[in-house]
Amino acid sequence: MRVISGSARGHKLKAPEGLTTRPTTDRIKESLFNIIAGDLYECRFLDLFSGSGAMGIEALSRGAARAVFVDRDKKSIRAIRDNLKATKLEDRAKVFECDISAAVSRLGRLEEKFDIIFMDPPYNKGYVESTLTYIVRENILDKDGYIIAEQSIEEEVPSVKGLEVIRIKDYKITKMTFLSMTEAEPGD
């Protein structure tokens with residue numbers, strides 16, 4: 001696992017020990033970042049279920065203004081901090097060691113807004129829809145921003161009030177579901 005492009009290109013990233021994470025493959029990461037490349041410069045990036053932090057670090061390396069990383073696993077947090085230090089990107093990063101609902105709630109209270117929110121929860125556990133619901137409730141997605149949910153190819157496309165699916169990119173066993181805020185209905 002490595003940083004593919006940008007200021008930290010080529011840096012190898014540590015992965016947390018054990019089987020608690022499933023890193024996004026370099027091939028999928030490269031494909032995804034080619035899709036979103038035009039939106040990265042100076043963006044605010046939120047990396048939920050961060051694992052090693054590879055996605056947020058790639059965003060920072062490619063020009064994101066800042067990134068917030070969220071994971072509750074201590075080994076993951078240690079790997080994220082080590083990877084940020086090794087890539088010299090820690091000055092533009094914030095790391096939260098807590099569960100997703102607590103982190104999103106805190107970000108909402110701080111009135112944080114993100115241009116791109118990436119989430120890679122454990123597959124087939126129902127976390128995608130609940131996390132999307134937290135994001136909508138706390139209003140942390142910028143009105144012109146979008147969410148990318150990495151899912152198992154077998155998982156249902158999420159359906160959450162306030163969000164609409166704008167694109168789905170399929171890979172062999174994985175899909176990336178892109179969502180944005182829906183236009184408010186008159187009277188909402």
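Tutor: Let us start with the term itself: a residue is called buried when its relative accessible area is under 20%, and exposed when that area is over 50%. Please keep in mind that we are reading a predicted model.

Student: Which strands pair with strand 7, and in what sense?

Tutor: Strand 5, residues 141-152, pairs with strand 7 in the antiparallel sense over 6 bridges, and S152 is the residue that stands opposite T174 of strand 7. Strand 6, residues 163-170, also pairs with strand 7 in the antiparallel sense, here over 7 bridges, and L163 has M181 in strand 7 as its bridge partner. Strand 6 and strand 7 form a hairpin, with 3 residues between them.

Student: What is the general idea about side chains in a strand?

Tutor: In a regular strand, the side chains alternate between the two faces of the sheet.

Student: Let us turn to helices. What span should the 14 residues of helix 3 have, and what does the model show?

Tutor: At 1.5 Å a residue, helix 3 (residues 74-87) should span 20 Å, and the C-alpha atoms at its ends are 20 Å apart, which agrees.

Student: Which residues of helix 3 are buried?

Tutor: The buried ones are S76, I77, A79, I80, N83, L84 and T87. Seen down the axis of helix 3, these buried residues fall within an arc of 160°, so they line one face of the helix. On the other side of helix 3, K74, R78 and K85 are exposed.

Student: What covers the buried residues of helix 3?

Tutor: The cover includes helix 2 (54-61), strand 2 (66-71) and strand 3 (93-97).

Student: What should I look for at the start of helix 3, and what follows the helix?

Tutor: At the start, a side-chain oxygen of D73 reaches to within 3.2 Å of the backbone nitrogen of K75, while the helix is followed by K88, whose phi is positive, near 60°.

Student: Which residues of helix 4 are buried, and what follows that helix?

Tutor: In helix 4, residues 100-109, the buried residues are I100, A103, V104, S105, L107 and G108, and their cover includes strand 1 (44-48), strand 2, strand 3, strand 4 (114-119) and helix 5 (127-138). Helix 4 is followed by E111, with a positive phi near 60°.

Note on methods. Residues are numbered from 1 along each chain as its sequence is written. This is a predicted model: local features need pLDDT of at least 70, side-chain atom pairs count only at pLDDT 80 or more; totals for chains, interfaces and linings use all residues. Side-chain values use heavy atoms; hydrogens and water are left out. Helices (H or I, at least four residues) and strands (E, at least two) are DSSP runs, numbered from the N terminus. The expected span of a helix is 1.5 Å times one less than its number of residues. Buried means under 20% relative accessible area, exposed over 50%, partly exposed in between (1.4 Å probe, protein chains only). The arc is that of the directions from the helix axis to the C-beta atoms. Contact means heavy atoms within 4.5 Å. A polar contact is a pair of N or O atoms within 3.5 Å; within protein, one must be able to donate a hydrogen and the other to accept it, and residues adjacent in sequence count only if both atoms are side-chain atoms. Two strands pair if DSSP finds at least two bridges between them.
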